[in-house]
Amino acid sequence: ENVGRQGSFPHGIELVTKVDYFSVGSRSHAFLTLAPLVAERPEYRAALLEHLVRRQLRHWDVAMRRVASEALRKVAALDVD
């Protein structure tokens, strides 16, 4: 409801159709494909970068840290300012 009728989230409907329950089921797809897709929108980029740096790069799972580092590279490349 916040996305559709109220319009509380910028580009909400566009993103919800791409980043849905099934598309985030794969960790690598979520981080390496969907996170950069969302990060193309400047409104979400800083929060994604902060989450990757503060949470995911310190994750206990080595595989998660690797995926996060690759996602960080892709998202940071969009932040040229």
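Me: What share of the residues in the chain is buried?
Reply: This is a predicted model, in which local features need pLDDT of at least 70 and side-chain atom pairs count only at pLDDT 80 or more, while totals for chains, interfaces and linings use all residues. Residues are numbered from 1 along each chain as its sequence is written, and side-chain values use heavy atoms, with hydrogens and water left out. Buried means under 20% relative accessible area, exposed over 50%, and partly exposed in between (1.4 Å probe, protein chains only). Of the 81 residues in the chain, the buried share is 27%.

Me: Which pattern does the chain follow along the sequence?
Reply: Helices (H or I, at least four residues) and strands (E, at least two) are DSSP runs, numbered from the N terminus. The chain has four helices and zero strands. Read along the sequence, the pattern is α-α-α-α.

Me: Is Val67 buried or exposed, and what is the relative accessible area?
Reply: Val67 is found in helix 4. Leaving aside neighbours within four places in sequence, Val67 is in contact with Arg27, Ser28, Phe31 and Leu32. Val67 counts as buried because its relative accessible area is 16%.

Me: How many Å apart in space are Val67 and Ser28, C-alpha to C-alpha?
Reply: Ser28 is among the contacts of Val67. The two residues are 39 residues apart in sequence, and their C-alpha to C-alpha distance is 6.5 Å.

Me: Is Gln56 buried or exposed, and what is the relative accessible area?
Reply: Gln56 has its place in the loop between helix 3 and helix 4. Its contacts, apart from neighbours within four places in sequence, are Phe31, His51, Met64, Arg65 and Ala68. Gln56 is classed as buried because its relative accessible area is 11%.

Me: What is the relative accessibility of Ser69?
Reply: Ser69 is found in helix 4. The C-alpha atoms of Ser69 and Val53, 16 residues apart along the chain, are separated by 8.5 Å. Ser69 counts as partly exposed because its relative accessibility is 38%.

Me: Which helix gives the largest share of the lining of the largest pocket?
Reply: On a 1 Å grid over the protein atoms alone, a pocket is an open set of points where a 1.4 Å probe fits, with protein on both sides within 12 Å along at least five of seven lines, and lining residues have an atom within 4 Å of a point. Twelve residues line the largest pocket, and the closest to its centre are Val19, Leu34, Ala35, Val38 and Leu48. Helix 2 and helix 3 are the elements that give two or more residues to the lining. The largest share, five residues, comes from helix 2.

Note on methods: Contact = heavy atoms within 4.5 Å.
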